[in-house]
Amino acid sequence: QNYLTLLDDEDHRLEYLKIQDEQHLVIEVRNKDMSWPEEMSFIANSSKIDRHKVPTEKGATGLSNLGNTCFMNSSIQCVSNTQPLTRYFISGRHLYELNRTNPIGMKGHMAKCYGDLVQELWSGTQKNIAPLKLRWTIAKYAPRFNGFQQQDSQELLAFLLDGLHEDLNRVHDKPYVELKDSDGRPDWEVAAEAWENHLRRNRSIVVDLFHGQLKSQVKCKTCGHISVRFDPFNFLSLPLPMDSYMHLEITVIKLDGTTPVRYGLRLNMDEKYTGLKKQLSELCGLKPEQILLAEVHSSNIKNFPQDNQKVRLSVSGFLCAFEIPIPGSPTSASSPVQTDVSTGPSANGAPNIMMNGDLPKPTLIPNGMPNTVVPCGTERNLANWTLNGHVPLLSDSPCTGYIIAVHRKMV
């Protein structure tokens, strides 16, 4: 009973652990949510185990989990690390201010149990302690926090501070207080009057440290009368900060065959692909109209994002930026147009591509690359063009799109 050891390795068998007959084993059953409840006998006997009595830094004492009580332990640690309140409890001043007759209090039990716990936490004599008495007190006056279910941490925090306030309230007989209208008086005067009325009913160490005032103003649309109130508050709900930026990686592939470069961009959440092109052009030295964006999924180009679309982060794919020749006309600055292409066998086995009668001149053919970017028109007039790595010089003509021609062996 005085010596408990935890078997850390779950894969060991009993014979490997040299467990003999007539030895007692404590078995812990896992919860349905896959969490481990703290074993109660271990906590009850923890004071007998020497390793928990090792001196430690004051305030560095942990709280044992009593079975899904992390919501309570985190709230207790927050309040415990509020130094002015902790100094108040460590000095024992709370024992002189216990209000055991407050009808909406807890007869001083909450303040007494919390004070004992804080003194243990800041004694520097134990590595961890179990807040059993405080948990039982909270469960007695607020049964919703009983059991082993997860609870809301802020709810517990509000209940704890309110309970401490009522148990330590220096006002034993609360007078009736009537609120007066502001009647155009200056704010400082109305605020001082409201705070004085609040202190006539509520005066404790919790009020001194945690309470404040919120100003609210109401104006009548008919007569224009303005009424101002200053209400006491204990908590302020703040919105969680939302990410207003996204981080995006984009690979730039240039026509000269140089090694592709990956750039990192930070964009607004509602940024469009036009703004992405502008920011990218400053980094890679290409003009925005020379950049063709493509979403690549598992080595396949899935789609070409339009300039007026919002930038979206792809989960499975990534974004590529291809350098394209500067178009000959303003109409061709848009994304590629799908072109109907008819193919047929030619003399040397390479496909023939049907295009305009006047074939445009290719701007640049990268050497040693199987893919050849060829400007072309969208009309389906017959032309014989053999793609064998040597493209003849053709007459100039404005182009309206691009075809990516791939070698037949790659197909």
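**Notebook: contacts and surface**

I looked up Glu 249 and Arg 262 and found that both are exposed (exposed is over 50% relative accessible area, buried under 20%, partly exposed in between, with a 1.4 Å probe and protein chains only). The model is predicted: local features need pLDDT of at least 70 and side-chain atom pairs count only at pLDDT 80 or more, while totals for chains, interfaces and linings use all residues. Residues are numbered from 1 along each chain as its sequence is written, and side-chain values use heavy atoms, with hydrogens and water left out.

**Salt bridges**

I noted that the side chains of Glu 249 and Arg 262 meet in a salt bridge of 3.6 Å, N to O (a side-chain nitrogen of Lys or Arg within 4 Å of a carboxyl oxygen of Asp or Glu). Glu 249 belongs to strand E5 (residues 245-253) and Arg 262 to strand E6 (residues 261-268), so the pair ties together parts that are 13 residues apart in sequence. For these elements I used DSSP runs numbered from the N terminus, with helices (H or I) of at least four residues and strands (E) of at least two.

I next looked up Lys 277 and Asp 307, whose side chains form a salt bridge of 3.0 Å, N to O. This pair links distant parts of the chain, 30 residues apart: Lys 277 is in helix H9 (residues 273-284), and Asp 307 is in the loop between strand E8 (300-303) and strand E9 (318-323). Lys 277 counts as buried because its relative accessibility is 9%. Asp 307, at 28%, is partly exposed.

Arg 229 and Asp 231 also meet in a salt bridge, at 3.1 Å, N to O. I recorded Arg 229 as partly exposed at 40% relative accessibility, and Asp 231 as partly exposed at 28%. A network of salt bridges links Glu 97, Arg 170 and Asp 208. The count for the structure is 12 salt bridges.

**Aromatic rings**

How many aromatic pairs does the structure hold? I found two (rings of Phe, Tyr and Trp, the last by its six-membered ring, pair if their centres lie within 6.5 Å; planes under 30 degrees apart are stacked, over 60 edge-to-face, the rest tilted). Tyr 88 and Phe 89 are edge-to-face, with 5.3 Å centre to centre and 85° between the planes. Phe 89 and Tyr 114 are edge-to-face as well, with 5.0 Å and 80°. The latter pair links distant parts of the chain, 25 residues apart, with Phe 89 in helix H3 (residues 83-90) and Tyr 114 in helix H4 (residues 109-121). Phe 89 is buried at 1% relative accessible area, and Tyr 114 is buried at 1%.

**Cysteines**

I counted zero disulfides (a pair of cysteine sulfur atoms within 2.5 Å). Cys 223 is in no disulfide, since the nearest cysteine sulfur, that of Cys 220, is 3.6 Å away. Cys 223 is exposed at 59% relative accessible area, whereas Cys 113 counts as buried at 17% relative accessibility.

**Nonpolar patch**

Which residues make the nonpolar surface patch of about 430 Å²? I listed Leu 14, Leu 25, Ile 27 and Val 29. Patch residues have over 30% relative accessible area and no salt bridge, with like charges joined within 9 Å and nonpolar side chains (Val, Leu, Ile, Met, Phe, Trp, Tyr) within 5 Å. Leu 14 lies in the segment before helix H1 (40-44) and is partly exposed at 48% relative accessibility.

Note on methods: Accessible areas come from the Shrake-Rupley method with a 1.4 Å probe; for residues, only the protein chains shown count as cover.
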